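Colleague: Could you walk me through this model and tell me what stands behind each label you use?
Modeller: Gladly, here it is.

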Amino acid sequence: FEQYGWGIVERIADKCEVDFFLYGNNQEWKTRHKNVIVKGRIDKDLMNEEVSDMQAGLRPLDFDGESEIIINSVLRGQHTISRIKYPYVDSYETEEDLIKLLNDLPNKKAPNFKARNWFLKNLNQYPWVSK
């Protein structure tokens, strides 16, 4: 749980005005917060359907490769938040920074087209990828 940042969510949830949906673990996780919804491991298609209607994707890991959560969230035009810095994606250094970013989400009314367009242009643009 801690590896994927669930502990961070548990520490900050009561300071945030957003709901958190936690996906991807088979073991039971108990939360004490009404705004933390533990979904656990569910069918991937169902998860993708559910998260497609959400405003943001959060990836609080600082040791990640190019996460599927980041890519899917950005390509949906969501307001992705990552511990790792990516172009046009909000990132943070401290939990206080993260709380500010999360609490600012209700003020974001339009999709994040800057990040989406940048990733569409640059995703898989490696010398060994031929068209």
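What follows is a short talk about the labels and the values behind them.

Colleague: Before the details, what should I know about the model and its numbering?
Modeller: This is a predicted model, in which local features need pLDDT of at least 70 and side-chain atom pairs count only at pLDDT 80 or more, while totals for chains, interfaces and linings use all residues. Residues are numbered from 1 along each chain as its sequence is written, and side-chain values use heavy atoms, with hydrogens and water left out.

Colleague: How many helices and strands does the chain have, and what counts as one?
Modeller: There are five helices and five strands. Helices are DSSP runs of H or I with at least four residues, strands are runs of E with at least two, and both are numbered from the N terminus. Along the sequence they give the pattern α-β-β-α-β-α-β-β-α-α.

Colleague: Why is the chain called as compact as a globular protein of that length?
Modeller: Its radius of gyration is 15 Å, close to the 14 Å of the globule rule for 131 residues, so the description holds. The radius is taken over C-alpha atoms, and the rule is 2.2 Å times the number of residues to the power 0.38.

Colleague: Why does Leu-101 count as buried?
Modeller: Leu-101 has 18% relative accessibility, so it counts as buried. Buried means under 20% relative accessible area, exposed over 50%, and partly exposed in between, with a 1.4 Å probe and protein chains only. Leu-101 lies in helix 4 (residues 95-104). Of the 131 residues of the chain, 35% count as buried.

Colleague: Which residues does Leu-101 contact, leaving aside its neighbours within four places in sequence?
Modeller: Leu-101 is in contact with Ile-81, Asp-90, Ser-91 and Tyr-92. Contact means heavy atoms within 4.5 Å. Ile-81 and Asp-90 are also the residues that stand opposite each other.

Colleague: And where is Gln-27 relative to Leu-101?
Modeller: Leu-101 and Gln-27 are 29 Å apart in space, C-alpha to C-alpha, and 74 residues apart in sequence.

Conventions: Two strands pair if DSSP finds at least two bridges between them.
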